[in-house]
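This report walks through one protein model for a reader who has not seen it before. Please look over the sequence and the fold, then read on.

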Amino acid sequence: MGDVTARLAEIVGDKNLLTGEAISEDYAHDEALTAEPQKPAYVAKPATAEEVAELLKAASEHNVPVTARGSGSGLSGAARPREDGLLISFERMNAVLEVDTGNHVAVVQPGVTLAELDAKTAEAGLSYTVYPGELSASVGGNVGTNAGGMRAVKYGVTRHNVLGLQAVLPTGEIIRTGGKTSKVSTGYDLTQLIIGSEGTLALATEITVKLHPRLPHGATVLAPFGNFGQVMAAVPEILSSGLAPHILEYIDNLTMAAIVYNEKLELGVPDKIRETTEAYLVVALENRETGRLEEDVETVGELLGELGATDVYVLEGNAARKLIEAREKAFWTAKAAGADDVIDVVVPRTAMPQFISKARELALAAGGGALGCGHAGDGNVHFGIFCKDAAKRKQLLTDIFAYGMELGGAISGEHGLGRTKAGYHQELEDPAKIELMRRIKQSFDPTGILNPGVLFPEGTA
């Protein structure tokens, strides 16, 4: 261990290598509810891609497992380190290197937070549109999990908004994939392969992201429905209308009650309507002109009324902002309410009603509950799972995931598998696909040092 410590300190400097009691509890976990915290043997804070390369070379030589960490806001346990491992924290690699207004891209280091990138791009009238609900999240973390969020209905998820990477392989080789161009048809798309790999193939050290014009005017429409099926039936009609909402969310009545109470929201919904509401639809619109925005708001209001909404509320400035912020904090609401796990199954959006109904039935049969909200525009369902018995909860999640896959969906739409869901994936996925993933992992990481236990349960990769 002394030799490893000396080598790592030589690479990043003594003050940028932590061991023993100097490693704070914050480095021991991400925000996954079911992954027990675990301090690593080492925390290294590199400042350059070259330092990352040397760290990985040293880790490979000494067979030290490596976990990458951005802000630690993930929900799958992928940033939880190994006891005998090296945690590479990208907190020092947090610069916005370039905002290229001609090509509408920004080049950033992985430790840049979404809040920092948003402030920088705002100066140019542009925006990076991936907002997974936590602005303290790092761009590198977004790349690792292929983060999505509420704006995916219009702008897509991380993989639709990353054009290129600089990445370091476990061998210490530094590669570049993609770039500032929006088209690449030259061999395998390594950018897309690394995105969503949760730190198991390579570590991104520079990221080129797509930017969009920042539209100055926005409005949020809240529509309560007495029947959840009506909510979901309304979604394709809204998307077919040409209104192009950048947020299209459903929130069930219990979750809405919780976030209204926790965030002290005043939404103007009368008690009589709240009591007869099963779920709400939130539609956010944006435009460069106020006149056109007002026309769109009027159109969507009329459409929602025709589709069965009990009423329609146009939320002004502060109320709209607070509701969206509260929806972004739904995980914290579920956690505060005592949820035992949080999941984000994705299904074809037309299958959402039957999936949600079945998941709730399964939870009740297990003596628990499944409550939540989700991205109605892309079929991503977020549940807080309430089931104290660990064995019953494991079977419940297996049944929920299996039903989602039966409907043509997947275990996770944006949180990733990490350590917490890897076992379910191993059990339920096509073995041929699992084996192909193993071969890809082996080709990138022949010594198996990158995030062992993530995507593949311990001892199976």
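## Thr220 and its surroundings

Leaving aside residues up to four places away in sequence, Thr220 touches Val282, Val283, Ala284, Tyr313, Val314, Leu315, Ala320 and Ile324. The model is a predicted one. Thr220 belongs to strand β12. Is Thr220 buried or exposed? Because its relative accessibility is 6%, Thr220 counts as buried.

## The seven-stranded sheet

Strand β12 is part of an open sheet of seven strands, ordered β15-β12-β14-β13-β17-β18-β16, with antiparallel pairing. The edges are formed by β15 (313-315) and β16 (341-346); each has a single partner strand, so one side of each is left without a neighbour in the sheet. From one strand to the next, the twist averages 20 degrees.

Helix α11 touches β12, β14 and β15, and its direction makes about 160 degrees with that of β14. Helix α15 (residues 390-406) touches β16 and β18, with a direction at about 15 degrees to that of β16.

## Helix α8

Helix α8 covers residues 228-240, and its buried residues are Phe228, Val231, Met232, Ala234, Val235 and Ile238. What covers these buried residues? The elements include β12 (217-225), β13 (247-252), β14 (279-287), α11 (290-306) and α14 (352-365).

At the start of α8, a side-chain oxygen of Asn227 comes to within 2.7 Å of the backbone nitrogen of Gly229. After the helix comes Gly242, which has a positive phi, near 85 degrees.

## The five-stranded sheet

Another open sheet has five strands in the order β5-β6-β10-β8-β9, and its pairing is antiparallel. Its edge strands are β5 (96-100) and β9 (174-178), each of which pairs on one side only. On average, neighbouring strands of this sheet are turned by 10 degrees against each other, direction ignored.

| Strand pair | Bridges | Opposite residues |
|---|---|---|
| β5 and β6 | four | Val99 and Ala106 |
| β6 and β10 | four | Val108 and Ile207 |
| β8 and β9 | five | Gln166 and Arg176 |

Strands β5 and β6 form a hairpin with four residues between them. In the turn, His104 has a positive phi of about 55 degrees.

In a regular strand, side chains alternate between the two faces of the sheet. In β6, Val105 and Val107 point one way, while Ala106 and Val108 point the other way. Are these residues buried or exposed? All of them are buried.

Helix α2 (residues 49-62) lies across β8, β9 and β10 (203-210), and runs at about 50 degrees to β8. Helix α3 (residues 114-122) packs on the sheet and touches β5, β6 (105-108) and β10, its direction making about 40 degrees with that of β5.

## A span listed in UniProt

An unreviewed UniProt entry lists residues 35-214 as "domain: FAD-binding PCMH-type". In the model, the span 35-214 is 24% helix and 24% strand, and its end C-alpha atoms lie 38 Å apart.

## Cysteines

How many disulfides does a search of the whole structure find? The search finds zero. Cys373 is in no disulfide, and the nearest cysteine sulfur, that of Cys387, is 20 Å away.

Cys373 counts as buried because its relative accessibility is 3%. Cys387 counts as buried because its relative accessibility is 3%.

Methods: Residues are numbered from 1 along each chain as its sequence is written. This is a predicted model: local features need pLDDT of at least 70, side-chain atom pairs count only at pLDDT 80 or more; totals for chains, interfaces and linings use all residues. Side-chain values use heavy atoms; hydrogens and water are left out. Two strands pair if DSSP finds at least two bridges between them. Helices (H or I, at least four residues) and strands (E, at least two) are DSSP runs, numbered from the N terminus. Axes are lines fitted to C-alpha atoms, for helices over the stretch in contact, and angles run from 0 to 180 degrees between N-to-C directions. Contact means heavy atoms within 4.5 Å. UniProt positions are given in the numbering used here, feature names are shortened, and annotations may be inferred rather than shown by experiment. Buried means under 20% relative accessible area, exposed over 50%, partly exposed in between (1.4 Å probe, protein chains only). A polar contact is a pair of N or O atoms within 3.5 Å; within protein, one must be able to donate a hydrogen and the other to accept it, and residues adjacent in sequence count only if both atoms are side-chain atoms. A disulfide is a pair of cysteine sulfur atoms within 2.5 Å.
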